[in-house]
Amino acid sequence: MRIIANATANATAVPDSDNCGRPWCINGHGPGIVGPVDLECVIDAPNLRDGFMPLSHYSQHDRLSVLMCQSPHEVAPRIEVGKRIGGESNMRWLRLTPQEALTVALLLDTTALLGDKPLPIGPAPERAPFWLDGPCPGWCLSGHSARDMYDDRVHGGGLTEIPLTLVDAVDGEQSVVTVAMHRHYRSTTATVELAVTAAGVVSLSSAEARALAGHLRDLALLALARPAPATSAPAWATSTATGDPGAVFHTGHVGTLAVADSTGRTSSTVEVLVERDDHHGVPGRASVRADEVEMTPDDARRYAALLVKAADIADADRASL
């Protein structure tokens, strides 16, 4: 996860690097970073290589970026989607509140799911154009015509508008982001379109739409998360350590197995652990870790019992979150 802090040149230095007050911000704001009003904390969506999501519908240089940003004077973080088409510099294209980001994410997921379902099988509707060889999907709102050129013979629908509160109005009207889809009548998948008033359209494959939805949802939930007692050690933890700012690692020792060699003498030991990594007040998912060594059948049975015990602890911890 890449962290960036953007600032302008004329402002007062922030003296305390640990006092920005944002649980998701892991960037130090020392004397080398200026602010406070012009200081902007930025966190990229996780799992984006170099901070960008490639778009298959365009060239290899076209990308979307997904960021969460907040300046010191803002009451809450905002989530921004940037667009870089061709050789152009990255443009911050869509600005969302966390609640708006969750709504867009849900619509992208739903639209991609509908668009990927097989087209219905059966006779074409009465008075359908000659090229339409079956019924329309339930979401299609297109008016098909015999005059449609081959590339225009598409099912279209899923059109939903979301009013935007952080984007400038256009001609006195509130800007909206629109989620829609279209699918050629001979295609196996749909194209999802995301459009912003007076700012253009981005076409996404179903997989890209779901990926963007996941990034928006991750950052929105991070923005809305309250500092929780997730960093307190769970009952099973035998040790707790800290890593990067905001990262806490819990380890629970389940047991140690002494493994005997063919002569009956102890040749090595195997430790079975339960681990959980918490980040920025958000608990992680507990997992089991164990070493693998060669052992006798009796030792293997005792080893399996320890693994089952560790798995039960990890399952109980996941269920409690």
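Me: What is the order of the strands in the open sheet that holds β13, and is the pairing parallel or antiparallel?
Reply: The order is β13-β14-β15-β16, and these 4 strands pair antiparallel. Strands here are DSSP runs of E with at least two residues, while helices are runs of H or I with at least four, all numbered from the N terminus. This is a predicted model, where local features need pLDDT of at least 70 and side-chain atom pairs count only at pLDDT 80 or more, while totals for chains, interfaces and linings use all residues. Residues are numbered from 1 along each chain as its sequence is written, and side-chain values use heavy atoms, leaving out hydrogens and water.

Me: What makes β14 and β15 a pair?
Reply: Two strands pair if DSSP finds at least two bridges between them. Strand β14 (residues 247–260) and strand β15 (residues 266–279) have 13 bridges. They therefore pass the rule. In this pair, H253 has L273 of β15 as its bridge partner.

Me: Which strands does helix α3 lie across?
Reply: Helix α3 (residues 297–320) lies across β14, β15 and β16. It runs at about 160 degrees to β14. Such angles run from 0 to 180 degrees between N-to-C directions, with axes fitted as lines to C-alpha atoms, for helices over the stretch in contact.

Me: What is the order of the open sheet that holds β9?
Reply: It is β9-β10-β11-β12, 4 strands with antiparallel pairing. The edges are β9 (154–163) and β12 (200–205), each pairing on one side only. Neighbouring strands here are turned by 20 degrees against each other on average, direction ignored.

Me: How do you know that helix α1 packs on this sheet?
Reply: Helix α1 (residues 98–116) touches β9, β10 and β11 (191–196). Contact means heavy atoms within 4.5 Å. The direction of α1 makes about 10 degrees with that of β10. Helix α2 (residues 206–224) packs on the sheet too, touching β11 and β12.

Me: Why is the length of α1 called close to the expected one?
Reply: The expected span is 1.5 Å times one less than the number of residues. α1 has 19 residues and reaches 27 Å from first C-alpha to last, against 27 Å expected.

Me: Which residues of α1 are buried?
Reply: They are P98, E100, A101, V104, A105, L107, L108, T111, A112 and G115. Their cover includes β7 (78–84), β8 (91–96), β9, β10, β11 and α2.

Me: Why is D171 called exposed?
Reply: Buried means under 20% relative accessible area, exposed over 50%, and partly exposed in between, with a 1.4 Å probe and protein chains only. D171 has 76%, so it counts as exposed. It sits in the loop between β9 and β10.

Me: Is A198 buried or exposed?
Reply: A198 has a relative accessible area of 72%, so it is exposed. β11 and β12 form a hairpin with 3 residues between them, and A198 in that turn has a positive phi of about 60 degrees. The two strands pair antiparallel over 6 bridges. In β12, V202 is the bridge partner of L194.

Me: What makes A207 partly exposed?
Reply: Its relative accessibility is 49%, so A207 counts as partly exposed. A207 lies in helix α2. A207 and D109 are 98 residues apart in sequence, yet 9.4 Å apart in space, C-alpha to C-alpha.

Me: How many helices and strands does the protein chain have?
Reply: It has 3 helices and 16 strands. Of its 321 residues, 40% are buried.
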